[in-house]
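Colleague: I would like to learn how to read a protein model, one feature at a time. Could you take me through this one?

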Amino acid sequence: FEFIETKPEHDFLLRCSYLEVYNEQLRDLLGGKNPQLRENPTKGVFVDGAQEEIVTDAAGIAKLVAKGEAARAVGSTAMNERSSRSHT
C-alpha cells in the first residue's frame, strides 16, 4: 500500500482470495464455494469460482485473513496441538 500511495496518477484494484488444498480438494475459505482449477490456452492455469474481495488497506487484508483462518481445516496430532492439515 505504501507503493500505491506514491503513485496517485495510477488507479489500482486489489482483490484478495484465500484458498486451501485439503485432502486433494480445493476449498474457498472466504466464500465457502467449491472452486475449480481450470486451464485456458491464453490465461494459463487459474481458479474458477473463488470468492474475491476488494481490499483498500492492510486492515482489510487482515480482516479477510482472520475470516479465512477461522474456516481452515485443522486438527491435532501427537507432534503438534494445532496442526494444519492443509496448504494455503
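Colleague: Leaving aside its neighbours within four places in sequence, which residues is D28 in contact with?

Modeller: Contact means heavy atoms within 4.5 Å. By that rule, and with neighbours within four places in sequence left aside, D28 is in contact with Y18, L19, K33, P35, G49, A50 and Q51. Before we go on, keep in mind that this is a predicted model, where local features need pLDDT of at least 70 and side-chain atom pairs count only at pLDDT 80 or more, while totals for chains, interfaces and linings use all residues. Residues are numbered from 1 along each chain as its sequence is written, and side-chain values use heavy atoms, with hydrogens and water left out.

Colleague: Is D28 buried or exposed?

Modeller: We go by relative accessible area: buried means under 20%, exposed over 50%, and partly exposed in between, with a 1.4 Å probe and protein chains only. D28 has 4% relative accessibility, so this residue counts as buried. D28 is found in strand 3. Helices (H or I, at least four residues) and strands (E, at least two) are DSSP runs, numbered from the N terminus.

Colleague: Which backbone nitrogen does the side chain of D28 reach at 3.1 Å?

Modeller: Here the idea is the polar contact, a pair of N or O atoms within 3.5 Å; within protein, one must be able to donate a hydrogen and the other to accept it, and residues adjacent in sequence count only if both atoms are side-chain atoms. The D28 side chain reaches the backbone nitrogen of G31 at 3.1 Å. A polar atom of that side chain also lies 2.9 Å from the backbone nitrogen of L30.

Colleague: K33 was on the list for D28. Where is the place of K33?

Modeller: K33 sits in the loop between strand 3 and strand 4 (36-40). Its relative accessibility is 43%, so K33 counts as partly exposed. Setting aside neighbours within four places in sequence, K33 is in contact with D28, G49 and Q51. K33 and G49 are 16 residues apart along the chain, and their C-alpha atoms are separated by 7.3 Å.

Colleague: With which side chain does the side chain of E20 make a polar contact?

Modeller: The partner is the side chain of R27, at 2.4 Å. E20 belongs to strand 2 (residues 19-22), and at 0% relative accessibility E20 counts as buried.

Colleague: In what sense do strand 4 and strand 5 pair?

Modeller: Two strands pair if DSSP finds at least two bridges between them. Strand 4 and strand 5 (residues 44-48) pair in the antiparallel sense, over five bridges. They form a hairpin with three residues between them. Within this pairing, L37 stands opposite V47 in strand 5.

Colleague: How many aromatic pairs are there?

Modeller: Rings of Phe, Tyr and Trp (its six-membered ring) pair if their centres lie within 6.5 Å; planes under 30 degrees apart count as stacked, over 60 as edge-to-face and the rest as tilted. The count by this rule is one aromatic pair. The ring centres of F3 and F12 are 6.3 Å apart and the planes stand at 80°, so the pair is edge-to-face. F3 is exposed, with a relative accessible area of 54%, whereas F12 is partly exposed at 39%.

Colleague: Which residue lies over the face of F46?

Modeller: A charge sits over a ring if NZ of Lys or CZ of Arg is within 6 Å of the ring centre and within 35 degrees of the ring normal. K43 lies over the face of F46, at 4.0 Å from the ring centre.

Colleague: And for the whole chain, how many helices and strands are there?

Modeller: The protein chain has two helices and eight strands, in the order α-β-β-β-β-β-β-α-β-β along the sequence. Of its 88 residues, 18% are buried.
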